[in-house]
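Biologist: I would like to learn how to read strands and aromatic rings in a model. Could we go through one together?

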Amino acid sequence: MISNFFVLSTRGDTVLAKAYHANPSSSGNTAGTDSNAAHERSHTEAFFRKVKFWTEMEGVVNSNAENGESSSSSNSSMIGGDARATKQNAPPVFRMADGLSYLHVKRNGLIFGCSTARNVSPSFVVELLSRIAKVFKDYCGTLSEEAIRKNFILLYELLDEMIDYGFPQVTQTENLKAFVYNEPIVVENISHTGGLVNPKTASASAVHKPVIASVSADGRRAINKNQKNEIFVDILELND
């Protein structure tokens, strides 16, 4: 379904990324992993520039390309008319020159995006990205670049349970509790009110509390005498 998943910061840095399918154009390349990684870095950078500097003219050119019109005719019609390249917000779904469709949502200044080479339902994938952002927030307590960087092991474990070979599996926070065993590193939320709120009023910390019961709101691990120390290992057996 989806080929790649990534989370970008406001500067365009890749905070989190996971590839589910190899790039078809580099499948015959002996470089393998290195070429795929370089491909993903270059195309996430191109995706961020597209989102950051999206203009109305680009939207018209993309729509004309989908309708089969040539770029030269569309450009000449824009030059002859009064069309101007006004900056706009990029649509959640668009196609790029690499032949992949890119879908994204924005949450707390972060861009949750993915790419796919298949004809998928845009609303379904956008809902999937929103679910992933919600699960990340539930497990980290707060959704920020620092929280994702400090909890990348936990978030990769969540991605392994939520998406399998590009297809969504489990996207509910309650259902994931039985499969996820890493504990989050709680990052303090920056709450600057600017003097608009009475300083004697304490803000609710339950909003930024992870859903894992063994971790409190201040990031300390609760002591449970009945807790067992267990290690879970996946054994894959290949039969030739």
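Modeller: We will take the sheet, then the helices on the sheet, then the ring pairs. Keep in mind that this model is predicted.

Biologist: How do strands pair in general, and what is the order of the strands in this sheet?

Modeller: Strands of a sheet pair through backbone hydrogen bonds, in a parallel or an antiparallel way. Here five strands form an open sheet in the order 2-1-5-4-3, and the pairing is antiparallel.

Biologist: Which strands stand at the edges?

Modeller: Strand 2 (14-19) and strand 3 (93-95) do. Each has a single partner strand, so one side of each has no neighbour in the sheet.

Biologist: Which strands does strand 1 pair with?

Modeller: Strand 1 is joined to strand 2 by five bridges in the antiparallel sense. Five bridges also join strand 1 to strand 5, again antiparallel.

Biologist: Are the residues of strand 1 buried or exposed?

Modeller: Five of the five residues in strand 1 are buried. Asn4, Phe6 and Leu8 point one way, while Phe5 and Val7 point the other way.

Biologist: Which helices lie on the sheet?

Modeller: Helix 4 packs on the sheet and touches strand 1 (4-8), strand 2, strand 3, strand 4 and strand 5. The direction of helix 4 makes about 40° with that of strand 4. Helix 6 (residues 152-162) lies across strand 1 and strand 2, at about 30° to strand 2.

Biologist: Now the rings. How is a ring pair described, and how many aromatic pairs are there?

Modeller: An aromatic pair is described by the distance of the ring centres and the angle of the ring planes. The count here is five aromatic pairs. In one of them, Phe47 and Tyr102 have ring centres 5.5 Å apart and planes at 20°, so the pair is stacked; the cut-off for stacked is planes under 30 degrees apart.

Biologist: Where do Phe47 and Tyr102 lie?

Modeller: Phe47 is in helix 1 (residues 33-52) and Tyr102 is in strand 4 (residues 101-107), so the pair ties together parts 55 residues apart in sequence. Phe47 counts as buried at 0% relative accessibility, and Tyr102 counts as buried at 3%.

Biologist: What about the pair of Phe112 and Phe136?

Modeller: Their ring centres are 6.1 Å apart and their planes are at 55°, so this pair is tilted. The pair links distant parts of the chain, with Phe112 in strand 5 (residues 110-116) and Phe136 in helix 4 (residues 122-140), 24 residues apart. Phe112 is buried at 0% relative accessibility, and Phe136 is buried with a relative accessible area of 0%.

Biologist: Which residues do ring pairs link into a cluster?

Modeller: Phe6, Phe47, Trp54, Phe94 and Tyr102 are linked in this way. Among them, Phe94 and Tyr102 also bring us back to the sheet: the bridge partner of Phe94 in strand 4 is Tyr102. Strand 3 and strand 4 run antiparallel and are joined by three bridges.

Terms used. Residues are numbered from 1 along each chain as its sequence is written. This is a predicted model: local features need pLDDT of at least 70, side-chain atom pairs count only at pLDDT 80 or more; totals for chains, interfaces and linings use all residues. Side-chain values use heavy atoms; hydrogens and water are left out. Rings of Phe, Tyr and Trp (its six-membered ring) pair if their centres lie within 6.5 Å; planes under 30 degrees apart count as stacked, over 60 as edge-to-face and the rest as tilted. Helices (H or I, at least four residues) and strands (E, at least two) are DSSP runs, numbered from the N terminus. Buried means under 20% relative accessible area, exposed over 50%, partly exposed in between (1.4 Å probe, protein chains only). Two strands pair if DSSP finds at least two bridges between them. Contact means heavy atoms within 4.5 Å. Axes are lines fitted to C-alpha atoms, for helices over the stretch in contact, and angles run from 0 to 180 degrees between N-to-C directions.
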